[in-house]
Amino acid sequence: MFSSPFQYRRAHSLEEAFRLFESCQDAKYLAGGHSLLPAMKLRLAQPAHLIDIGRIPQLAMLEEEGDKVHIGGLVTHARLCSEPLILRHSPLLSQAARQIADPQVRNRGTVGGNLAHADPASDLPAVMLALDGRFHLQGPHGHRTVAARDFFLDLFTTALQEGEILTAVEIEKRPGWGNSYLKYEHPASGYAVCAAACSLQLNEEGECSGLSLCFNGVSAVPFQARQVTEALVGERLARSRIEEAVQERLEVPDPLQDSFASGPYRARMAKVYAIRALTSAHAQASSPRD
């Protein structure tokens, strides 16, 4: 299947990309292409102009600054899997990246493109929410920063404004935290029917002192199970206590229903994967006393 006709432009800097966007009517940015190009072939997107930002050097940076890690929008999923900086300071992100599609997609797909597409069954949105990520957005009219919790608005809908590019993601280093990303995936596509991202911290007494539990695939946007985390923070996390908190407190807001799974099924799977992710993250977490 072929897309509708379009004009191709390549930008070598952000400034050039913004100039091209403002001069072209009905334009879209192209990074890795694994989300946009299939949509164009299905005629779900029919831009008149494609502006290729895939070779802008400043978007491919990956660096640390103090207690933060900055990940450029063009950093590929494959790089997240193997980059020592990510493996050391954000293993949850590496765990999720290794489960994205197949090697061909991971070698080409980008962090910025994945997050900007906002597919509810994608892997990175819930991870960014669990890591309390901050997204740097830049457009023709300036730069702004948006928290991950405020970025995803609805199905394939984000806080990105007309002409803006997700230039980088900023996450905090979490030494000693336990991490787990577990996914029940569709057997053909690899997309998440249900996935849980968990990041967990223990204090010197072995009690849970920090916790994030977030989900992909079960609702229109990634969401955080705040009632579960509120119930568990400050406690020793025996398996029975984890199961009790999840069964009693976990609620899935408006679960997705499609040909892959019903809403009630997804809600049930969310509880199963929440218990597994919490148990796994707890086993990996280290107390400052250790």
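1. A disulfide is counted here when two cysteine sulfur atoms lie within 2.5 Å of each other. The model under review is predicted, and the number of disulfides in the structure is zero.

2. Cys208 illustrates this criterion. The closest cysteine sulfur to that of Cys208 belongs to Cys198 and lies 8.1 Å away, which is too far for a bond. Cys208 has a relative accessible area of 1% and is therefore buried.

3. With a relative accessibility of 0%, Cys194 counts as buried.

4. Helix H12 covers residues 263-284.

5. The buried residues of H12 include Gly263, Arg266, Met269, Tyr273, Ile275 and Leu278. Among the elements against which the buried residues of this helix pack are three strands, S11 (178-185), S12 (192-202) and S13 (208-216). The helices H10 (226-232) and H11 (239-249) also take part in this packing.

6. The second largest pocket has a volume of about 180 Å³. Its lining consists of Ala31, Gly32, Asp52, Gly54, Arg55, Ile56, Ala60, Leu74, Thr76, Asn107, Arg108 and Thr110. By residue class, this lining divides into four nonpolar, five polar and three charged residues.

Terms used:
Residues numbered from 1 in each chain as written. Predicted model: local features only at pLDDT ≥ 70, side-chain atom pairs only at ≥ 80, totals over all residues. Heavy atoms only, no water. 1 Å grid on protein atoms, 1.4 Å probe; cavity = no way out; pocket = protein on both sides within 12 Å on 5 of 7 lines; lining within 4 Å. Points joined across faces, edges and corners; volume = space filled by probe spheres on them. Nonpolar A, V, L, I, M, F, W, Y, C, P; charged D, E, K, R; others polar. Buried < 20%, exposed > 50% of the residue type's maximum accessible area, 1.4 Å probe, protein only. Helix = DSSP H or I, 4+ residues; strand = E, 2+ residues; numbered from the N terminus. Contact = heavy atoms within 4.5 Å.
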